[in-house]
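My entries follow the display.

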Amino acid sequence: MSGQRVDVKVVMLGKEYVGKTSLVERYVHNRFLVGPYQNLGCQQLGAEHWPGLWRQVWLPGCIWPLTPQPGSSCLQTIGAAFVAKVMSVGGRTVTLGIWDTAGSERYEAMSRIYYRGARAAIVCYDLTDSSSFQRAKFWVTELQNFEENCRIYLCGTKSDLLEEDRKKRGIDFHDVQDYADEIKAELFETSSKTGQSVDELFQKVAEDYVQLMAFQVMTEGEGVDLSQKNSTYFYSCCHH
């Protein structure tokens with residue numbers, strides 16, 4: 001697994017308990033896990049690119065590296081977890097390498113390590129929790145400062161709760177859309193419980209990558225400078 005080729009490095013960012021792990025679980029395994037669950041079947045390998053750290057590698061039948069929050073059924077990722085997903089886009093095979101980072105502020109420095117070299121970042125916030133949107137803005141600023149070529153996808157989670165009670169919405173949709181337009185990000189409202197818009201989100205990430213590759217091939221002979229900051233396309237080296 002550690003030697004598997006990854007075309008697109010994708011990092012999941014956001015406040016703890018917004019549902020980043022559930023989002024990946026729904027996309028990769030088409031399931032919604034209700035905790036608590038233990039960290040079973042994960043193998044730790046030395047991360048040669050980041051001395052002194054470990055990375056969690058997804059194995060068949062593996063449950064994410066999670067710990068239950070005392071007194072609740074919430075699940076918490078410790079450090080980061082990795083999973084690769086192979087998909088087809090326009091007849092081309094694309095492998096997404098997804099890093100699910102811990103949302104707790106105490107793991108903030110570690111999260112910075114995992115988003116280095118990412119081509120895409122899915123920045124998550126809980127649609128019922130306004131503070132999680134403020135935290136999402138923090139991660140957007142981090143990416144703009146340190147990974148300016150990383151494409152950003154804003155992802156509102158737990159939309160099923162709004163179906164139950166519209167009054168639970170904590171962030172106005174139009175405010176988020178205006179912010180997404182400002183930072184040139186795609187916006188999705190998803191539910192890991194029902195699967196709403198989850199596949200569409202990751203499909204868009206893969207399609208944008210394929211579009212970028214096609215653009216690069218088309219412009220290689222035309223002398224277009226892809227390093228220009230005002231380019232509408234994104235590019236960065238993907239570190240595995």
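These entries go from the cores to the strand and then to the rings.

**Entry 1: cores.** I note at the outset that this is a predicted model. I looked up the largest nonpolar core and found 30 residues in it. Val123, Tyr125, Leu143 and Leu154 are the members that touch the most others. I then listed the elements that give two or more residues to this core: strands E1 (8-14), E6 (80-89), E8 (120-126) and E9 (151-157), with helices H2 (108-115), H3 (130-146) and H5 (173-183). H3 gives the most, with 5 residues.

I took Leu154 and left out residues up to four places away in sequence. Among the residues Leu154 touches are Val123, Val140, Val176, Tyr179, Ala180 and Ile183. The list also includes Ala185, Glu186, Leu187 and Phe188. Another core, of 29 residues, lies apart from this one; Val24, Tyr27, Met87 and Leu212 are among its residues.

**Entry 2: strand E1.** I asked how many residues of E1 are buried. The count is 7 of 7, so E1 is largely enclosed by the rest of the structure. In a regular strand, side chains alternate between the two faces of the sheet.

For pairing, I found 5 bridges between E1 and strand E7 (residues 92-101), which run parallel. Val10 stands opposite Ile98 of E7. E1 also pairs with E8 in the parallel sense, over 5 bridges. There, Met12 stands opposite Ile122.

**Entry 3: rings.** I found 7 aromatic pairs in the structure. The ring centres of Tyr115 and Trp139 are 6.2 Å apart and their planes are at 85°, so this pair is edge-to-face. Tyr115 lies in H2 and Trp139 in H3, so the pair ties together parts 24 residues apart in sequence. Both Tyr115 and Trp139 are buried.

Tyr125 and Phe133 also form an edge-to-face pair, at 5.2 Å centre to centre with 65° between the planes. Tyr125 and Phe133 are buried. I also found a cluster in which ring pairs link Phe82, Trp99 and Tyr114.

**Entry 4: charges over rings.** I asked which ring the charged end of Arg135 sits over. The ring is that of Phe138, and the charged end is 4.2 Å from its centre. Lys137 lies over the face of Tyr179, at 5.2 Å from the ring centre. Tyr179 is also one of the residues that Leu154 touches.

Terms used: Residues are numbered from 1 along each chain as its sequence is written. This is a predicted model: local features need pLDDT of at least 70, side-chain atom pairs count only at pLDDT 80 or more; totals for chains, interfaces and linings use all residues. Side-chain values use heavy atoms; hydrogens and water are left out. A nonpolar core is a set of buried Ala, Val, Leu, Ile, Met, Phe, Trp, Tyr and Cys residues joined through side-chain atoms within 4.5 Å. Buried means under 20% relative accessible area, exposed over 50%, partly exposed in between (1.4 Å probe, protein chains only). Helices (H or I, at least four residues) and strands (E, at least two) are DSSP runs, numbered from the N terminus. Contact means heavy atoms within 4.5 Å. Two strands pair if DSSP finds at least two bridges between them. Rings of Phe, Tyr and Trp (its six-membered ring) pair if their centres lie within 6.5 Å; planes under 30 degrees apart count as stacked, over 60 as edge-to-face and the rest as tilted. A charge sits over a ring if NZ of Lys or CZ of Arg is within 6 Å of the ring centre and within 35 degrees of the ring normal.
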